[in-house]
Amino acid sequence: MKKAYKLFVLCAVAILTMASCGQRPKGVENPKPAVYYWRTTLSLNEEERRFLSESEVGKVYLHLFDVVVSPQEASPQPSPQGRSPLRGDKRRTLMPANTLLFEDSLPQGIEVIPTVFIEPGALVQNPTPELAKLVLNRIDQMTEQNGLGTARMIQMDYDWVGSDETAYFSLLKDLRDMLHKQGRKLSATIRLHQLSKAVPPVDEGVLMVYNVGNFRDEKEENSILTAQAVAPYMPRLKDYNLPLCTALPIYGWDLLFHSHDFAQIVRGVNLADTAAFRRIDSTHYECQAYMAAPADGIGDPAGQRIYPGDIIRHEQPSIATLRQVRNMLESSRSGVCDQIVIYHLDSKFLKHKHDEIKELYD
């Protein structure tokens, strides 16, 4: 009798163990090759359309607008630009910004997942349910007015930390509840450092595997992506209780450092010009002559001045690094790479690399 009881207990434990393993989230539902579209105007050139077709891209995470804090703490009246305030936060007036302008359309058959970015620090205390309603209404108005219909899923993008986790999760719960009543779903971006935090109340997530280093540190090898920077997060990935897919970067940039301090991103410099730049290592270049270069962000809008001795670090993950990281992720958690989301769709990062990037989807 005792043997039979022990056998029963062992069988029950085995069944429960297998059941729990079977329930552990792996990948997202209906995985397809996917891309982010993160520009302020929807306009596709021939190369971008060819990439979507050749890579059989089935999903586009389409950035529609940002939610930002109004610099002037705007009144409830519409702004001169027609941007109605998002009065969901009790202490701050939140506004939509960087709204996508539709000048083109995406190819037929591609699922669009509208994506909204929230400015860091925008959520300082629990927002009211009104904010969720305003965000969702704006998403639906934009998709309906531009021929996309009602999206099956939407995505929120916010780099939350411990101090604003409660407020952000409150917003997500309000959004999720509204979407579920309509038979729709909610996605959220998950950064590597958030794998050690609480799981947000959403249906699935996109693991953002880029911007893993300190871009302001001149000595950084590559702040966008290295396998060494990703490796420490792998133990946390295995048991993170949310269905996940993976976003990998194909973009690059040139970062300017003056007197060892980060100045800004510069555009249009020719690092292959040996009269203007001396190569220090695989990513760092020393400027040999004074020049002006187009720039982004802070500084002189007409062009950042570059002086002899300034350092430029060129960053763009190699296909070999992307493959290495992809394999590392898949080894740590089966299914997390069933859907790869390329960040982001832009012909200047696609040139002559269609086949190589397409391999990341396989």
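Student: Does C245 count as buried or exposed?

Tutor: Please keep in mind that this is a predicted model. C245 counts as buried, because its relative accessibility is 1%, and the cut-off for buried is under 20%.

Student: How many disulfides does a search of the whole structure find?

Tutor: A disulfide is a covalent bond between the sulfur atoms of two cysteines. In this model, the search of the whole structure finds zero disulfides. Consider C245: the closest cysteine sulfur belongs to C337 and is 9.3 Å away, too far for a bond. A disulfide would require the two sulfur atoms to be within 2.5 Å.

Student: Which residues have the most contacts inside the largest nonpolar core?

Tutor: In soluble globular proteins, nonpolar side chains tend to be buried together. Here the largest nonpolar core has 94 residues, and M156 and Y168 have the most contacts inside it. Among the residues that M156 touches are V116, I118, Y168, L171 and L186. A second, separate core has 13 residues, including A276, F277, C287 and I306. C287 is buried, with a relative accessible area of 1%.

Student: Where does Y307 lie, and which residues does Y307 touch?

Tutor: Y307 is found in the loop between β16 (304-306) and β17 (311-315). Leaving aside residues up to four places away in sequence, Y307 touches H258, C287, A289 and Y290. The C-alpha atoms of Y307 and H258 are separated by 7.9 Å, although these residues are 49 residues apart along the chain. With a relative accessible area of 37%, Y307 is partly exposed, whereas C287 is buried.

Technical notes:
Residues are numbered from 1 along each chain as its sequence is written. This is a predicted model: local features need pLDDT of at least 70, side-chain atom pairs count only at pLDDT 80 or more; totals for chains, interfaces and linings use all residues. Side-chain values use heavy atoms; hydrogens and water are left out. Buried means under 20% relative accessible area, exposed over 50%, partly exposed in between (1.4 Å probe, protein chains only). A nonpolar core is a set of buried Ala, Val, Leu, Ile, Met, Phe, Trp, Tyr and Cys residues joined through side-chain atoms within 4.5 Å. Contact means heavy atoms within 4.5 Å. Helices (H or I, at least four residues) and strands (E, at least two) are DSSP runs, numbered from the N terminus.
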